[in-house]
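Subject: Structure for your review

Dear colleague,

Please find below the structure that I am handing over to you. My notes on what was found in it follow directly after it.

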Amino acid sequence: MILFEFEGKKLLADAGIKVPASQLFNQSSELRALQYPVVLKAQVLSGKRADAGGIVVCDEISNFKFQISNLLGKIINKEKVEKVLVEEKVEIEKEYYLSLSYDTDSRSPILTFSEAGGTGIEEKEVQVYPVDPLSLKCAVAHPNDITEIVNKLVKLFFEQDMLLLEINPLVKTKDGWIALDAKIKLDDTAIGRHEAWKDYPPRSVAGYTPTKNEIEAKKIDENDYRGVAGSTYFDFDGDIAILASGGGASITAMDALLNAGGKPANFTEYSGNPPREKVEKLTKIVLDKPNLNGLWIVGALANFTDIYETLSGIIDALKKIEPNPKYPIVIRRAGPRDDEAFEMLKKVKEFDLHLYGEDTSIPASAEIIVKLAKEYAEKLGGNG
Amino acid sequence: MLILPDNPKLIGQGITGSEGSKALETMLSYGTKVVGGVTPGKGGTDVLGVPVFNSVKELSEKFGEIDATVIYVPPLFVKAAAVEALEAGIKFLLIFTEKVPTSDSAYIYALAQEKGANIIGPSSVGLINPAKKLKIGSIGGADPDRVFKEGNICIISKSGGMSSEIGLHLRNNGLGVSYALGIGGDRIAGTDFADFLMAVEDDPNTQASVIFGELGGTYEERVAEMVKAGKIKKPIVAFIAGEFTMTLPSEVQFGHAGAIIEGERGKPDHKRMVLKESGVLVVEDFDQIAGLLKKALQFKI
């Protein structure tokens, strides 16, 4: 989960790191207890908001109400501004860049530092320092008074299970170091040991407004920790609905469908042996759209996901959808209890099921669903 | 050592739980010996005839030096279980558990480096060697012979499902495996592709390898580096999934925790490009893997 700047700065302040005096607005009202000039900052998840007019300096009280009502509700990088953080403007001596993250090259946390903070950090020279997860030590030597804040940030990074803690800029002032911005990404897998995270309202990814189905699909796993179903879900414009299984197999299947000339209506996956009910819920969401010409149920040969239970969940959902889907349904599944699953499916007569096991590869079954969906669409077109 | 000795002394942590006991059953029926299990509070009991102890220490007092452990404890208990195994001197840990917090994985990896131990996983479906009847973890499910035939190809996959899918594809095309393993799709992989590829350089039963990679991270890129550096010489066929994700917003995670494009890093087309440049055989279509392997093996002979 990515935190908004105001949420991130609260974590920083709680950890003893200085941030500017501020007030948060979700509607236009008077500014209290802050000294002008102030900076109005749109609270969106995407970066580069300054270029999109998301950061405004206000010098005097007469302009404030006008400027804040301009910013609230504005669309910045496809995100609607719901909140504005107003901060006292800080006298900056020098700007730096500092971030903590995980690096797959060293398979460890790293600290990235630059003497040149501010926008366009991607093009600037940075130094990378390893962070030892055992001792929490990180050997940043310059500037010489940075050790204290680095130690606090490293401690916070681990304690709060962050995947990214980026401060750009981290500024030096006559009163010491101040974090002027905060981009924090929390590690969702650690939510079980962070009671406080449950208070963060749900959100999507930066610069993207989720669809209704995308929001609904995410809820399935939030309410039930057995296996995974719907944590990754995207809607597309195509006509073939997809229920894929397994992290690796699902993306292999998507690539195969596109290679075969098919147009997906969604991407999603379930895996890790989720219970029947979760798969039923996900199926209802996947099929909750008009103009579908096919459903492709696909996965690799499963190691431990129960094929009978998961496919039963799909059939449970199909039976409840009104009117009953008439489009072709191609199933390519194999793994534990697949014999029982196929026996069960053969008795299901109300749908146009096409059953394939391990002898038909994922790409081969992609060709089949694409062909059947095309024929179905042509037949409909011909009748109508 | 990533290559275990014959008939290793293997234990299981968390094998009394539901996924763990299911996996244990499939390991035993495959012919892999498990000397004991560890579940705090369940010492003195047994699971499928395997004696259970309260701690790794208690277990090693009875059985002496342990070669390997497979870990099936819940995600937030993995760190403690792995630390316990490492402190007890075990040098090979396979972590099946998924959704392990990244900070815990980083800690475990750093401690293993310090102790000279190897970690496979987290999120590893397991490791199998049909010639040695060795199966650690859930790989291949209850009937591994259906998927993994004895042979000379090593399969290394970020995806558990796709490791079996590749095994099946090879089998359907008359090929078999020396090793097959899931390295997990997490950000921190205790063993990455290159680590295991380098380990099987000296394995006389491995003639070539297949890797299943996907978007995210730099483990595929490291294979290219090691091939270029001459540290990996045996032929490799690579299949890299996730081309379609390039059209979606970045910072989205696709199934596996590490399957995420961050900035310019982790893009599947970049992985393909650097692998091709290094001489790795990159397939566009999954069904071409076996054909390319056969060609590579012929060329070699």
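Domain bounds, as used in this message, come from an automatic or database domain assignment. On that basis, chain A is divided into domain 1 (21-88), domain 2 (94-199) and domain 3 (212-383). Please keep in mind throughout that this is a predicted model.

**Domains**

In chain A, the C-alpha centres of domain 2 and domain 3 are separated by 42 Å. For chain B, the assignment gives domain 1 (1-125) and domain 2 (147-301), and the C-alpha centres of these two domains of chain B lie 26 Å apart. Their contact involves 15 residues from domain 1 of chain B and 16 residues from domain 2 of chain B.

On the domain 1 side of that contact, α4 (102-115) and β7 (118-120) of chain B each supply at least two residues. Helix α4(B) gives the most to this side, with five residues. By class, the side of domain 1 of chain B that touches domain 2 of chain B comprises nine nonpolar residues, six polar residues and no charged residues.

**A helix pair in chain B**

Helix α4(B) also packs with helix α3 (residues 78-87) of chain B, at an angle of about 5 degrees and with the axes 10 Å apart. Angles under 35 degrees count as roughly parallel, and α3(B) is therefore roughly parallel to α4(B). From α3(B), the residues that take part are B:Val78, B:Lys79, B:Ala82, B:Val83 and B:Leu86. They meet B:Asp104, B:Tyr107, B:Ile108, B:Leu111, B:Ala112 and B:Lys115 in α4(B). The contact of α3(B) with α4(B) is made up of eight nonpolar, no polar and three charged residues.

**The contact between the chains**

Between the two chains, 58 residues of chain B are in contact with 50 residues of chain A. On the side of chain B that touches chain A, α1 (18-30), α4, α5 (160-172) and β12 (208-214) of chain B each supply at least two residues. This side of chain B has 27 nonpolar, 19 polar and twelve charged residues.

Is A:Phe304 buried or exposed? A residue is buried if 20 or more other C-beta atoms lie within 10 Å of its own. A:Phe304 has 24 C-beta neighbours inside 10 Å and so counts as buried. Leaving aside neighbours within four places in sequence, A:Phe304 is in contact with A:Asn273 and A:Pro336, and with B:Glu19, B:Lys22, B:Ser138 and B:Gly141 of chain B. A:Phe304 and A:Lys89, in turn, are 215 residues apart in sequence and 57 Å apart in space, C-alpha to C-alpha.

**The nonpolar core**

The largest nonpolar core has 196 residues. Those with the most contacts inside this core are B:Ile71, B:Leu93, B:Leu197 and B:Val223. Helix α7 (residues 307-320) of chain A gives the most to this core, with seven residues. Not counting residues up to four places away in sequence, B:Val223 touches B:Phe193, B:Ala194, B:Leu197, B:Ile211, B:Ile236, B:Leu275 and B:Val280.

**Backbone features in chain A**

Two cis peptide bonds deserve mention. The bond from A:Tyr36 to A:Pro37 is cis, with omega near 0 degrees, and A:Pro37 sits in the loop between β1 (22-25) and β2 (38-42) of chain A. The bond from A:Glu322 to A:Pro323 is cis, with omega near -15 degrees, and A:Pro323 belongs to the loop between α7 and β17 (329-332) of chain A.

There are also positive phi values to report. A:Asn77, a residue other than glycine, has a positive phi near 45 degrees. A:Asn77 is found in the loop between β4 (75-76) and β5 (79-80) of chain A and is partly exposed, with 17 other C-beta atoms within 10 Å. A:Leu136, although not a glycine, has a positive phi of about 65 degrees. A:Leu136 lies in the loop between β9 (127-130) and α3 (147-159) of chain A and counts as partly exposed, with 14 C-beta neighbours inside 10 Å.

With kind regards

How values were computed
Residues are numbered from 1 along each chain as its sequence is written. Chains are lettered from A and ligands numbered from 1 in the order in which they are written. This is a predicted model: local features need pLDDT of at least 70, side-chain atom pairs count only at pLDDT 80 or more; totals for chains, interfaces and linings use all residues. A nonpolar core is a set of buried Ala, Val, Leu, Ile, Met, Phe, Trp, Tyr and Cys residues joined through C-beta atoms within 7 Å. A residue is buried if 20 or more other C-beta atoms lie within 10 Å of its own, exposed if 12 or fewer, and partly exposed in between; C-beta atoms are placed from the backbone. Helices (H or I, at least four residues) and strands (E, at least two) are DSSP runs, numbered from the N terminus. Two residues are in contact if their C-beta atoms, placed from the backbone, lie within 7 Å. Ala, Val, Leu, Ile, Met, Phe, Trp, Tyr, Cys and Pro count as nonpolar, Asp, Glu, Lys and Arg as charged, and the others, Gly among them, as polar. Axes are lines fitted to C-alpha atoms, for helices over the stretch in contact, and angles run from 0 to 180 degrees between N-to-C directions. Angles under 35 degrees count as roughly parallel, over 145 as roughly antiparallel, 65 to 115 as roughly perpendicular and the rest as oblique.
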